[in-house]
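Q: I have a structure open and would like to learn how to read it. Could you walk me through some features, giving the general idea and then the case here?

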Amino acid sequence: MRRHLFMALLLLSWPAAASATLGGDVSTVDVDRVGVQGALLGITGQSAYSVHELRASSGTVLREYVSPAGKVFGVAWQGPWMPDLRQLLGPYFETYQAAITAAQSSPHRRRGTLDIETPDFVLHAGGRPRAFVGSAYVPALMPVSVTSASIR
Amino acid sequence: MPAVRLPLLMLVLASGLLVSQGCDPSSSSSSAPQNVQPIVVNAGPTTTAFDEPFTAVTVCVPGTTNCETIDGILVDTGSSGLRVVGSLLTIPLPQQTVNGAAITECAQFVDGSSWGAVVTADIQIGTERANGVPIQAIGTTVSPTVPAACTASGPLENTVAALGANGILGVGLFRQDCGFGCTVSTAPGLYYGCTSSGCLPTTEALALQLQNPVWLFPKDNNGVILDLPTVPAAGQLSATGSLIFGIGTQSNNAIGSAKVLGVDANGYLATAFGTQAYGGSYIDSGSNGIFFLDAKTTGIPVCADATDFFCPLTLQSATATIGGTNGVTAAAPFTVANFDQLNGSFSAFNNVGGPNPGQFDWGLPFFFGRRIFTAIELQSTPSGVGPYFAY
């Protein structure tokens, strides 16, 4: 009971801002929480990984998937406004930017949703203003028993 | 519309930017019904677009006949508000200012953001008119620096090439582009107050936000219909259709036997496909494909070269069921063609598809051969109060 109270106080006392970076250590989750001025909604343990769920101040919920090795192998978002992908995708943000910039000049430009598939990094995103949704993961960091469908 | 006028109309709509200054838009001599605006699905201003519906919109300096008509504007049932690439504006639309700061917007889309000033215009679309409407002049700003937060979800789409259109006419489910959230918090990250020394996030009153112009029309103001013809499985060079204003307000916009599908607060429907139901489904004319599920779930392979589109060996026919929050369901038969085998010089296809894991985005291919209704929030229609989709 006392421990629960302590945890609650800890959650309340966190500065108004946080979360993790794709490919980063679990410790970066709190960096993200600060960055999005959000609240940690909870940590859910699965057999092969844990999920850190945060709510950004914009109302958008972020989920960060952490492997037993302590690495963030996937991230997902759902909510009214786009998350800070520069922070959430970390080192993969440049890959994401480059893929979009290339798509802008492609004669086969897909509009309305994104589907970026590279050997190192996969991102799906869709929705429209007031209702965005998306996920990204690093295949090389995925625990063997986890499928991409789990990340959303 | 007399058949003889069609080629001329198509020529005008296909000819890129059309500017006519100093005109009086109310003196239009169109013989079309009062609430019908022509749209065309063609290669658009970038000359490479497919399955994107374009139209022409007239903007005027408020209260004057100093007007400009800009075509190549994407008709988007997935957003709300008019946005025009600012470099195309030749008339002095006044900057919106609050407490001395120039209000500037970071408009968010799935693949990036558009940064630009909020200016005020009288909007004329066909013979419908909304006066004193906040719109976005994309790429126009009093501050040379774009806030870092506005590039945090992707690259800027501030030019015709990057945006893929001369502008976007958002005629979606909502009255404003942001809504209540932006009136009480800067967290959505949409509105900024700018001076020459920089920009700071700001809240924005509902009436000052970008507005879906349709709900501000004096009549025919409860929603729109996108009416597109059938196209053959091989597609065609282009297709012309109508953006019809109002639902159940005139003889040409009755809901008839269309199924009214209620949406949740986010504008989502559900789609049943196979043995599964997928929440987070939506109907969006701004998407240029039917983007749904993945190769594993559907058995339809993606293209070898463009993995964001499907490439089945033969034309695939499927049926899903779209369900509203009101319990109404509607059958949704659709087809998916081999994207690589479609004629690259065509722009109108009813069978472009691509993966979108766990979701259904019913984009423009779904609109061909249908009349799809988009009813605006809080607006009354004979079939109930919006928001809803119907077809």
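Predicted model: local features only at pLDDT ≥ 70, side-chain atom pairs only at ≥ 80, totals over all residues.

Q: Where does B:Pro387 lie, and what is the form of the peptide bond from B:Gly386 to it?

A: B:Pro387 sits in the loop between strand 24 (384–385) and strand 25 (388–390) of chain B. The bond that joins B:Gly386 to B:Pro387 is cis, and its omega is near 10°. Another loop to visit is the one between strand 5 (97–98) and strand 6 of chain B, which holds B:Asn99. There, B:Asn99 has a phi near 50°, a positive value in a residue other than glycine.

Q: How many residues does the contact take from chain B and from chain A?

A: Contact means heavy atoms within 4.5 Å. Chain B gives 49 residues and chain A gives 36 residues. Buried area is the accessible area (1.4 Å probe) that two parts lose on being put together, summed over both. Here the two chains bury about 3700 Å² between them, with 50% of it on carbon and sulfur atoms. On the chain B side, B:Gln108, B:Val110 and B:Asp111 lose the most area to chain A, together 17% of what that side buries.

Q: Which charged side chains meet between the two chains, as B:Asp111 and A:Arg109 do?

A: A salt bridge is a side-chain nitrogen of Lys or Arg within 4 Å of a carboxyl oxygen of Asp or Glu. The search finds ten salt bridges over all chains, and three salt bridges are counted between chain B and chain A. One of the salt bridges pairs B:Glu52 with A:Arg111, with their closest N and O atoms 3.7 Å apart. B:Asp111 and A:Arg109 form a salt bridge too (3.8 Å, N to O). B:Asp111 is in the loop between strand 6 and strand 7 (112–125) of chain B and A:Arg109 is in the loop between helix 4 (93–104) and strand 6 (114–117) of chain A, so this pair joins two chains.

Q: How many cavities of 30 Å³ or more does the search find?

A: Rolling a probe the size of a water molecule over the atoms shows where empty space is left. On a 1 Å grid over the protein atoms alone, a cavity is a set of points where a 1.4 Å probe fits but cannot get out, and lining residues have an atom within 4 Å of a point. Grid points are joined across faces, edges and corners, and a volume is the space filled by probe spheres set on the points. The whole structure has four cavities of 30 Å³ or more. The largest cavity holds about 220 Å³ of space. It has 18 lining residues, and the closest to its centre are A:Gly112, B:Asp76, B:Phe109, B:Val110 and B:Gly286. Strand 7 (122–128) of chain A and strand 3 (67–76) of chain B each supply at least two residues of that lining.

Terms used:
Residues numbered from 1 in each chain as written. Chains lettered and ligands numbered in written order. Heavy atoms only, no water. 1 Å grid on protein atoms, 1.4 Å probe; cavity = no way out; pocket = protein on both sides within 12 Å on 5 of 7 lines; lining within 4 Å. Helix = DSSP H or I, 4+ residues; strand = E, 2+ residues; numbered from the N terminus.
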